[in-house]
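Please keep the structure in view while reading.

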Amino acid sequence: MNPSELKKALETGQIGKQAYIERMFEQHQQLFHYADLIDGSDVESIQIGQGEVRVRFAWPPIELVAPRGEMRAAPVEAVNFGSYEQYEFAIVEKLVHSLPGGSPVLVDIGGNVGFYSIGLKKLHPNLRIHAFEPIPATADQFERNAIINNCNDVSLHRHGLSDVPGEARFFVHRHMSVAASQQNILEDEEIEEVVCQLVRLDDMREDLGGPVDFIKCDVEGAELFAFRGAASIIEQDQPVVFSEMLRKWSAKFDYHPNDIIAFFKDRGYQCHGLGKEGARPVDAVTESTIETNFVFLHTEKHEGIRLHS
């Protein structure tokens, strides 16, 4: 029995007080096991509140709710592995730091529970962030995390971005909403279908409050369509772009990551792959390419940005 069931058993007389104390003692040992697990990691603490568990990161200095039933949400991944996308976030934060002064505009396409948007907002309060998350339950988690971290001025848009506006079917795994996609990329029995709204970023120009300086995009294979729907903004504003590109996911949408590289090359951009050993220019993704995250820099506007050592 779990702790709640044990307490109920005590209250209903199924077990006695001493037996309850002894069995709860065994349960409480798990708390110390978690303390040992996160020792020396990027997880500063795991906080148990009434009906809610939160994970506090050492860097970025944020707290995120661990969604009940989720096995791969950012806070859960951080507890499991000691950190969450630490290298990728560091690159993005460095790039955001290099943006012009004032109040840069950042668009987070695929905001999920808010790790990037909230983390960047805490480190750069001057950022104007527009996050797009179409899955209702995930958007609820994003909103909750924004409140917890006092980031109420992060603009959350509860729809996705693509090149064709309208309704779209999303496939959402019951325990891995991080892999929600317009294609059934996981091909798992635990998939549920959710209908969400899509818009074009170009059609939201007036809502963004100024030119876009940075785009982060991670939408499980549909990245090309999000960029096509933002073609005018990309051409006019020439933002720094950080994007995931996986061959296995893009294949589900009948295109190749090289189509994204070509899209940006036509607009004056150079692609850079991000690996644990650093960044490198990438002209084409091949079968030997190991990177899954990439940065696109405009060859003229961003010539002063140095990704490579």
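In this predicted model, the axes of helix α1 (residues 3-11) and α2 come within 10 Å and cross at roughly 175°. An angle over 145 degrees counts as roughly antiparallel, so α1 is roughly antiparallel to α2. The points below begin with the residues of this contact.

**Helix pairs**

- On the α1 side, Pro 3, Leu 6, Lys 7 and Leu 10 meet Lys 17, Tyr 20, Arg 23, Met 24 and Gln 27 of α2.
- Sorted by class, five residues in the contact of α1 with α2 are nonpolar, one is polar and three are charged.
- A second pair is helix α4 (residues 86-97) and α5, with axes that come within 11 Å and cross at roughly 45°.
- Helices α4 and α5 are therefore oblique to each other, and their crossing is right-handed.
- From α4, the contact takes in Glu 88, Phe 89, Val 92, Glu 93 and Val 96, and from α5 it takes in Phe 115, Tyr 116, Gly 119, Leu 120 and Leu 123.
- The residues of the contact between α4 and α5 comprise seven nonpolar, one polar and two charged.

**The sheet of β1, β2 and β3**

- Three strands form an open sheet in the order β1-β2-β3, and their pairing is antiparallel.
- Strands β1 and β3 are at the edges with a single partner strand each, so one side of each has no neighbour in the sheet.
- On average, neighbouring strands of this sheet are turned by 25° against each other, with direction ignored.
- Strands β2 and β3 run antiparallel and are joined by three bridges; Arg 56 has Glu 63 in β3 as its bridge partner.
- Helix α3 packs on this sheet and touches β1, β2 and β3, and its direction makes about 65° with that of β2.

**Helix α3**

- Helix α3 (residues 74-81) is largely enclosed by the rest of the structure, because six of its eight residues are buried.
- Which residues of α3 are buried? They are Ala 74, Pro 75, Val 76, Glu 77, Ala 78 and Val 79.
- After α3 comes Gly 82, which has a positive phi, near 95°.

**Strand β10 and its partners**

- Strands of a sheet pair through backbone hydrogen bonds, and the pairing is either parallel or antiparallel.
- Strand β7 (residues 160-161) pairs with strand β10 (residues 191-199) in the parallel sense over two bridges, and Leu 161 has Val 199 in β10 as its bridge partner.
- Strand β8 (residues 166-173) pairs with β10 in the antiparallel sense over eight bridges; here Val 172 has Glu 192 in β10 as its bridge partner.

- Five of the five residues of strand β12 (residues 240-244) are buried, so β12 is largely enclosed by the rest of the structure.
- In a regular strand, side chains alternate between the two faces of the sheet.
- Both faces of β12 are covered: Val 240, Phe 242 and Glu 244 are buried on one side, and Val 241 and Ser 243 are buried on the other.
- Strand β11 (residues 214-217) and β12 pair in the parallel sense over four bridges, with Ser 243 of β12 as the bridge partner of Cys 217.
- Strand β12 also pairs with strand β15 (residues 293-298), in the antiparallel sense and over four bridges; the bridge partner of Val 241 in β15 is Phe 296.

- Is Arg 68 buried or exposed? Arg 68 has 78% relative accessibility and therefore counts as exposed.
- Arg 68 is located in the loop between β3 and α3.
- Arg 68 and His 175 are 107 residues apart along the chain, and their C-alpha atoms are separated by 8.9 Å.
- Lys 94 belongs to helix α4 and counts as partly exposed, because its relative accessibility is 44%.
- Lys 94 and Leu 307 are 213 residues apart in sequence, while the distance from C-alpha to C-alpha is 9.2 Å.

Terms used
Residues numbered from 1 in each chain as written. Predicted model: local features only at pLDDT ≥ 70, side-chain atom pairs only at ≥ 80, totals over all residues. Heavy atoms only, no water. Pairing = 2+ DSSP bridges. Buried < 20%, exposed > 50% of the residue type's maximum accessible area, 1.4 Å probe, protein only. Axes fitted to C-alpha atoms, helices over the stretch in contact; angles between N-to-C directions. Parallel < 35°, antiparallel > 145°, perpendicular 65-115°, else oblique. Left-handed = near helix turned anticlockwise from the far one by under 90°. Contact = heavy atoms within 4.5 Å. Nonpolar A, V, L, I, M, F, W, Y, C, P; charged D, E, K, R; others polar.
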